[in-house]
Amino acid sequence: MSVQLWYWPQIPGRGEFVRLFCEAGEIAYEDMAREQDADALVEHMHAMEGIRPFAPPYIVDGDICIGQTALILQYLSDKEGLGSGEMEVDLGLFQLQIDIADFVEEVHSTHHPVASGQYYADQMEAAYEKAHDFRANRIPKYLIHFDNAVASSGGLFVLGQQWTHVDTSLFHIMEGLDYAFPNYMKSMQGSWPHLEGVQAMVPEIEPLADYLASEHRIEFNENGIFRHYDELDEQ
Ligand SMILES: N[C@@H](CCC(=O)N[C@@H](CS)C(=O)NCC(=O)O)C(=O)O
């Protein structure tokens, strides 16, 4: 039985972390709001009983409903036997996935530093300051942390030769940063070689290559999390 994925239909957003892992691991999923629309997603969320997810993405797997990207990935990885199988190691992967979630929140705050409910145009000055600090301090701090995690495995991925949900997510943040901050990322090329290795290797995971070339993959755009605004990039 396939898992239902509920996520906003117009942006890669956080839903993409789930899609990439499902595609790479050949986990059957239905992209519910892509098949229906955003209204169906809102309706579905509000009709739910018990503990509801706070926000998309969330998945429904039989009687189970799970929100929070990191938890969804950990759950699917456990269920499909795509982790290490050792609790200590899998907790380390989960920890990295939560680090990625924190980072994604900071990416979002570069264009929405004041209020997520207001337009970018109404908070551009603060965004400029925020993006400057993000490029100077936060990107290097996070990417060196992730680079060290890959380096410590001695292999191509975080677990060595075996890819995991952390690697598909690291691929996505590297692609997103290349889109959002192309000048900065070019100027820093070579600063996180193991991460660049993950970015190069993940598209080689066979089922994923098909997905990446397919129309189902949504391009980054200025409604999503990774947005490109010239003024927020290095000049
Ligand atoms: N920590 C959550 C964040 C979920 C989240 O912020 N989802 C966004 C879309 S990417 C949303 O719809 N948020 C609505 C809101 O925050 O009110 C996760 O990692 O899944």
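Helices and strands, the elements that name the places on this tour, are DSSP runs numbered from the N terminus, and the model you have open is a predicted one.

Begin by selecting glutamate 26, which you will find in the loop between α1 (15-24) and β2 (29-31). Its phi angle is near 50 degrees, a positive value in a residue other than glycine. Glutamate 26 has a relative accessible area of 65% and is therefore exposed, since exposed means over 50%.

Next, select glutamine 68, which sits in the loop between β4 and α4, and whose phi, near 75 degrees, is likewise positive in a residue other than glycine. Glutamine 68 also counts as exposed, at 59% relative accessibility.

Now select proline 56 and proline 57 together, and look at the peptide bond that joins them, which is cis, with omega at about 5 degrees. Proline 57 belongs to the loop between α3 (38-47) and β3 (58-61).

From here, turn to the largest pocket, which holds about 1,100 Å³ of space. To find its centre, select Tyr7, Trp8, Arg14, Ala55 and Pro56, which are the closest to that centre of the 39 residues in the lining.

Finally, colour domain 1 (3-80) and domain 2 (87-209) separately: because both give residues to the lining, the largest pocket lies between them.

Terms used
Residues numbered from 1 in each chain as written. Predicted model: local features only at pLDDT ≥ 70, side-chain atom pairs only at ≥ 80, totals over all residues. Heavy atoms only, no water. 1 Å grid on protein atoms, 1.4 Å probe; cavity = no way out; pocket = protein on both sides within 12 Å on 5 of 7 lines; lining within 4 Å. Points joined across faces, edges and corners; volume = space filled by probe spheres on them. Domains from an automatic or database assignment. Helix = DSSP H or I, 4+ residues; strand = E, 2+ residues; numbered from the N terminus. Buried < 20%, exposed > 50% of the residue type's maximum accessible area, 1.4 Å probe, protein only.
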